[in-house]
Amino acid sequence: MDIIQRNFLRLLKSGAFGQRERIEPMSPWKWNRLYQLSQMHDVTPWAYDGIMMCSDDFFMRIRPAQLQIWKQSVAEADKEIVKEEEQHLTNPLLNHKLQQLIEQEHDSPTLELLLNIIRLARFILTQGINMRHLLELGIYLRTTKDQIDYQQLSEWIKRLHMGKIVKLEAALLVQFFDFKPEEIPFTEATINKATIRVAEDILKTSSEQAAEWYFTQGKNVFVSTTNSGAMMWHVRHSAKYMGYYPSEAVTNFLANFAHSLSHIEE
């Protein structure tokens, strides 16, 4: 992890969780790269809050012109957690179980935490781990910890066959935001080599890679991608994370493939 990524995580921990950490000195170019990283992961408001919290740090040296760009981006950004109108899984059997839970539990804090977990899981399978979803999961977990029925949540996770991917999410909260394993009692949060590799990939992956993955009709009868690199990235990515949630990963990939084919002109 390089200095830009380290400072990026320090600002997020400060802005989202109030954890003060010393900032390492960086050049204007590196501060610009950190800004781009925060934009890519859609966490600029929290990173900016971290800058404000650490403003008295000796090495918090950002040029006024750069700081103005941060302010403008924050003014245009939406920091509120946006709930999807309908949360679902692509696996029909698992989705049926999920919809039953949603109908039975309505708006309980435990259910909302489950939906945050699922939201991140689906994003992992489709585009990679977006830091915003992980950050929102951590914020919700810490702000509602006394309202969660952890035993019930563990049972739901087992029912939806999400054990492995939930362990990954928990380990990343520990890795990135210094969560303690006891803060995540509904699963194991163990850092291992696989988790570290995933963590390294997160800070390299752009969600735009997946957004570009769709097909168009060429002059011939074959369907081709407008960005073959993006398509191959998506295929490799799906294969990489399939083991974390196999029962959902296959149908998720096929659903995305079918959605891509819908862009073909008749």
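## Helix α3 and selected residues

Helix α3 (residues 44-53) is largely enclosed by the rest of the structure, because seven of its 10 residues are buried. This is a predicted model. The buried residues of α3 are T44, P45, W46, A47, Y48, G50 and I51. They pack against α1, α2 (28-40), α4 (64-76) and α7 (131-143).

**Overall makeup**

The protein contains 13 helices and two strands. It has 266 residues, and 46% of them count as buried. Its accessible surface is about 13,900 Å², with carbon and sulfur atoms contributing 53% of that area. Among contacts with a separation of 6 or more, 72% are between residues 24 or more positions apart.

**Confidence**

Mean pLDDT for the protein is 81, and 77% of the residues reach 70 or more. Over residues 206-226, pLDDT stays under 50; the model has 41 contacts beyond four places in sequence for this stretch. Where pLDDT is low, the predicted coordinates should not be read in detail.

**Individual residues**

The loop between α2 and α3 holds H41. H41 has a relative accessible area of 1% and is therefore buried, the cut-off being under 20%. Its side chain reaches the backbone nitrogen of M131 at 3.1 Å.

K13 belongs to helix α1 (residues 3-17). With a relative accessibility of 8%, K13 also counts as buried. Leaving aside residues up to four places away in sequence, K13 touches G18, Q19, E21, F176, F177 and D178.

D178, one of the residues touched by K13, is found in the loop between α9 and α10 (193-202). The phi angle of D178 is near 60°, a positive value in a residue other than glycine. H161, in the loop between α8 (150-159) and α9 (163-177), likewise is a residue other than glycine with a positive phi, near 55°. D178 counts as partly exposed at 32% relative accessibility, and H161 counts as partly exposed at 46%.

The accessibility values for these residues are listed below.

| Residue | Relative accessibility | Class |
|---|---|---|
| K13 | 8% | buried |
| H41 | 1% | buried |
| H161 | 46% | partly exposed |
| D178 | 32% | partly exposed |

Technical notes. Residues numbered from 1 in each chain as written. Predicted model: local features only at pLDDT ≥ 70, side-chain atom pairs only at ≥ 80, totals over all residues. Heavy atoms only, no water. Helix = DSSP H or I, 4+ residues; strand = E, 2+ residues; numbered from the N terminus. Buried < 20%, exposed > 50% of the residue type's maximum accessible area, 1.4 Å probe, protein only. Contact = heavy atoms within 4.5 Å. Areas by Shrake-Rupley, 256 points an atom, 1.4 Å probe, with all protein chains shown as cover. pLDDT = per-residue confidence, 0-100. Polar contact = N/O pair within 3.5 Å; in protein donor to acceptor, adjacent residues only side chain to side chain.
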